[in-house]
Amino acid sequence: MRSEDIELIIPTKQYNQSYLDAIGEYKSNNVDSYEFLDPTQCDIYKLIEAFRLGHDLPGNYVPSTYLWLIGGDEFIGEISIRHKLTEALLRYGGHIGYGIRYSKWNKGYATLMLSKALLYAKENIGINKVLLTCGDNNFASACIIERNVGVLQDTIINNIDGVERPTRRYWITL
């Protein structure tokens, strides 16, 4: 599929079944590196709008814009852009989190999606400098960030659920 045939969109019910299929791919392959929203548990489209507007957010959450990477009739990936950072997000999480459906891994889609999301963050949210984090052993994410001109600030140790997790922190100036 040509990159010009792929677009980053506000999530829409038109792609609901393809989105569910992507969640199924993650579950059947025991992947837990990204937690997709579950449309069988709630109206994710209302939830996505509430997150974008910052309405009724759970504690310690910040306003976030969710976008989907779509090619033809197929959901390829999801990316969330947090509009601001908390102290916790400065350590782990950053401005952006993303997941590519399992069957589309290692095909360049994450690099393309991040590139498009960075432009969106600058033009639509007004973010000029973006923090991205990844596990120190997550070489795929590190490469994706570095291909999008991420500059490594440091590697810190986070304690998450009692487990020490070395975390790389990258900045991208937009």
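This is a short exchange about how the terms used for this predicted model are applied.

Modeller: The model is predicted, so local features need pLDDT of at least 70 and side-chain atom pairs count only at pLDDT 80 or more, while totals for chains, interfaces and linings use all residues. Residues are numbered from 1 along each chain as its sequence is written, and side-chain values use heavy atoms, with hydrogens and water left out.

Colleague: What makes up the secondary structure of the protein chain?

Modeller: Five helices and seven strands. Both are DSSP runs, numbered from the N terminus: helices are H or I with at least four residues, strands are E with at least two. Along the sequence the pattern is β-α-α-β-β-α-β-α-β-α-β-β.

Colleague: How do you know that the protein chain agrees with a compact globule?

Modeller: The radius of gyration is taken over C-alpha atoms, and the globule rule is 2.2 Å times the number of residues to the power 0.38. For 174 residues that rule gives a value near 16 Å; the protein chain has 16 Å, so the two agree. Along the principal axes, the C-alpha atoms fill a box of roughly 40 × 35 × 35 Å.

Colleague: Why is histidine 95 called buried?

Modeller: Buried means under 20% relative accessible area, exposed over 50%, and partly exposed in between, with a 1.4 Å probe and protein chains only. Histidine 95 has 6% relative accessibility, so it counts as buried. Histidine 95 sits in the loop between helix H3 (87-91) and S4. Across the protein chain, 45% of the 174 residues count as buried.

Colleague: Which residues does histidine 95 touch?

Modeller: Contact means heavy atoms within 4.5 Å. Leaving out residues up to four places away in sequence, histidine 95 touches Ser80, Ile81, Arg82, Leu85, Ile127, Lys129, Val130, Leu131 and Trp171. Two of these residues also form a bridge pair: leucine 131 has tryptophan 171 as its partner in S7.

Colleague: What makes S5 and S6 edge strands?

Modeller: Two strands pair if DSSP finds at least two bridges between them. The open sheet has the order S5-S7-S6, with antiparallel pairing. Strand S5 (129-135) and strand S6 (151-160) each have a single partner strand, so one side of each is left without a neighbour in the sheet. The twist averages 30° from one strand to the next.

Colleague: How do you know that S5 and S7 pair?

Modeller: Seven bridges join S5 to strand S7 (residues 163-173), and the two run antiparallel. Helix H5 (residues 139-147) packs on this sheet, touching S5 and S7, and its direction makes about 15° with that of S7. Axes here are lines fitted to C-alpha atoms, for helices over the stretch in contact, and angles run from 0 to 180 degrees between N-to-C directions.

Colleague: Why is serine 115 called partly exposed?

Modeller: Serine 115 lies in helix H4 (residues 109-125). Its relative accessibility is 37%, so it counts as partly exposed. Serine 115 and valine 149 are 34 residues apart in sequence, yet 9.7 Å apart in space, C-alpha to C-alpha.

Colleague: What makes valine 149 exposed, and what is its phi?

Modeller: At 58% relative accessibility, valine 149 counts as exposed. Valine 149 is in the loop between H5 and S6. Its phi is positive, about 60°, although it is not a glycine. Most residues other than glycine have a negative phi.

Colleague: Why is aspartate 56 called exposed?

Modeller: Aspartate 56 has 80% relative accessibility, so it counts as exposed. Its place is the loop between H2 and S2. Aspartate 56 has a positive phi of about 50°, although it is not a glycine.

Colleague: Which residues of helix H2 are buried?

Modeller: In helix H2 (residues 44-53) they are Ile44, Tyr45, Ile48, Ala50 and Phe51. Their cover includes helix H1 (16-28) and S2.
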